[in-house]
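Hi everyone, thanks for coming along. Please have a look at the protein I am putting on the screen, and then we will walk through it together.

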Amino acid sequence: MSKKLSTSSAVYIGLASMLGAGVFVVFGPAASFAGSLLPLAVLIAGFVAYLNAGSIAQLAAVVPRSGGAYSYARHYISPAVGFAAGAAFLIGKLGSVAAIALTFATYLAPGFEVVVAVLGIIAMTLINIMGINRTALGAKILASTTIGFLVLVMFTSLFAWSVFMPPAPGDGFGVLTAASLFFFAFAGYARVATLGGEVEDPTRNIPRAIAISLGIVLAIYLLLSVMLVKRLGTELAFTLTPLADISPLPGPFASVFAAVAALGSLLALIAGMSRTAATMAQDGELPALFARLNSKGTPYLAEWAIALAASALVLTESVAFVIGFSSFAVLTYYAIANWAGYVQPRGETKRPKFLNLLGLALCLILLISVPLSALLAGSCVLALVLALRWGLAKLGRTS
């Protein structure tokens with residue numbers, strides 16, 4: 001794959017990945033656990049994201065290969081652990097694609113969520129298949145539009161009064177559960193690393209793009225969490241459309257902005273997933289057909305396979321469940337990334353090793369804090385995939 005993405009393009013892909021459906025739906029479910037301590041939950045999730053981003057940047061500077069933590073764990077730990085990271089990434093992001101598509105459809109066409117969600121997935125897949133330059137251009141447009149809308153919402157909220165009672169503070173475990181859910185809204189910060197094989201000067205540009213996009217989004221999320229608690233009070237825990245509820249624009253306009261943001265997130269998410277799947281196929285961890293490229297250098301069969309699997313998940317029609325499911329798997333992925341960063345030779349990085357250990361520990365704490373149904377489902381699916389790989393490998397050795 002040729003390197004085509006500049007630093008600014010990579011930043012926009014990171015912004016489009018984070019400022020998608022998550023920011024429009026996750027505040028309500030997270031507030032139901034954290035209450036008035038929602039900003040603290042955002043800070044915890046952001047701090048974990050910062051530690052993870054540091055590990056990703058540390059590894060990407062030495063291993064500039066598409067695949068993110070899959071490639072890093074395979075390089076520094078073992079192929080089996082690398083596969084676990086890749087599997088966790090793909091499983092978690094399939095849940096993310098389904099959640100984002102359902103959010104897009106809920107805002108844009110209530111009552112026709114499943115059909116419209118599937119159409120949204122297909123449309124973004126087609127754009128990605130046309131080539132990475134169109135993905136970067138689409139991310140710039142969609143991220144800029146979303147940031148403009150969010151700034152408008154925050155500015156007008158400064159001058160508005162709340163008519164609701166303030167929420168009570170959640171307990172310690174509730175804050176951790178809220179942070180684990182809110183991690184869903186941060187999870188796109190390292191999407192640039194999964195496109196490592198297509199970034200110009202990846203040693204320099206990947207760490208910069210991750211740091212810039214994460215810093216911008218953390219500031220936006222913190223401000224929004226404070227304003228939403230202030231404006232909606234106890235009602236925040238019972239809404240899936242909090243930004244539409246406080247938007248100064250008429251309902252249909254707010255819904256359009258939410259839909260546009262969701263499309264931007266889908267665009268970058270599917271691109272990152274397909275590159276990880278293609279890299280795993282090149283290494284023999286997935287069927288070789290997923291590594292096939294079209295004339296634009298896009299792994300088109302991997303794109304279509306992801307679209308098909310995500311469309312099947314859309315049938316669950318449960319945004320809250322798939323957010324928790326996605327967070328569990330993605331936190332597993334980043335736990336492995338921190339592990340790989342810890343075992344990376346000291347001569348390859350100046351970053352203190354205790355930061356890798358702290359990131360690993362916090363990822364493990366948050367992943368066991370997700371809602372119980374998501375914890376059980378995520379554990380079972382990941383264990384099944386790993387058992388299948390082990391069984392196939394054993395069968396290959398004995399045949």
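Some ground rules to start with. This is a predicted model, where local features need pLDDT of at least 70, side-chain atom pairs count only at pLDDT 80 or more, and totals for chains, interfaces and linings use all residues. Residues are numbered from 1 along each chain as its sequence is written, and side-chain values use heavy atoms, with hydrogens and water left out.

So what is pLDDT? The term stands for the predictor's confidence in each residue, from 0 to 100. For this protein the mean pLDDT is 83, and 90% of the residues reach 70 or more. Where is confidence lowest, and where is it highest? The lowest mean, 62, belongs to helix H10 (residues 191-194), while helix H16 (residues 353-367) has the highest, at 96. When I say helix, I mean a DSSP run of H or I with at least four residues, numbered from the N terminus.

Now to the salt bridges. A salt bridge here is a side-chain nitrogen of Lys or Arg within 4 Å of a carboxyl oxygen of Asp or Glu. How many does the structure hold? There are 4 salt bridges.

Take the one between aspartate 283 and arginine 74, with 3.5 Å from N to O. Aspartate 283 sits in the loop between helix H13 (251-282) and helix H14 (300-314), and arginine 74 sits in helix H5 (residues 69-76), so this pair ties together parts that are 209 residues apart in sequence.

Glutamate 285 lies in the loop between H13 and H14 and arginine 74 in helix H5, so the pair ties together parts that are 211 residues apart in sequence. Glutamate 285 is buried, with a relative accessible area of 15%.

Another salt bridge joins glutamate 303 and arginine 275, with 3.1 Å between the closest N and O atoms. Glutamate 303 belongs to helix H14 and arginine 275 to helix H13, so the pair ties together parts that are 28 residues apart in sequence. Both of these residues are buried.

Of the 8 residues of H5, 6 are buried, so the helix is largely enclosed by the rest of the structure. Among the buried ones are Tyr70, Tyr72 and Tyr76.

On to the aromatic rings. Rings of Phe, Tyr and Trp (its six-membered ring) pair if their centres lie within 6.5 Å; planes under 30 degrees apart count as stacked, over 60 as edge-to-face and the rest as tilted. The count comes to 11 aromatic pairs. One of them is phenylalanine 24 with phenylalanine 149, a stacked pair at 6.0 Å centre to centre and 20° between the planes. Phenylalanine 24 is in helix H2 (residues 21-25) and phenylalanine 149 in helix H8 (residues 132-157), so the pair ties together parts that are 125 residues apart in sequence. Both phenylalanine 24 and phenylalanine 149 are buried.

Then there are phenylalanine 182 and tyrosine 221: their ring centres are 5.4 Å apart and their planes at 80°, so this pair is edge-to-face. Phenylalanine 182 is in helix H9 (residues 172-186) and tyrosine 221 in helix H11 (residues 202-232), 39 residues apart. Phenylalanine 182 is buried at 0% relative accessible area, and tyrosine 221 is buried at 0% as well. Phe27, Phe182, Phe186 and Tyr221 form one aromatic cluster.

Last stop, phenylalanine 89 in helix H6 (residues 79-108). At 3% relative accessibility, phenylalanine 89 counts as buried. From phenylalanine 89 to glycine 67 is 22 residues in sequence and 9.5 Å in space, C-alpha to C-alpha.

Notes
Helix = DSSP H or I, 4+ residues; strand = E, 2+ residues; numbered from the N terminus. Buried < 20%, exposed > 50% of the residue type's maximum accessible area, 1.4 Å probe, protein only.
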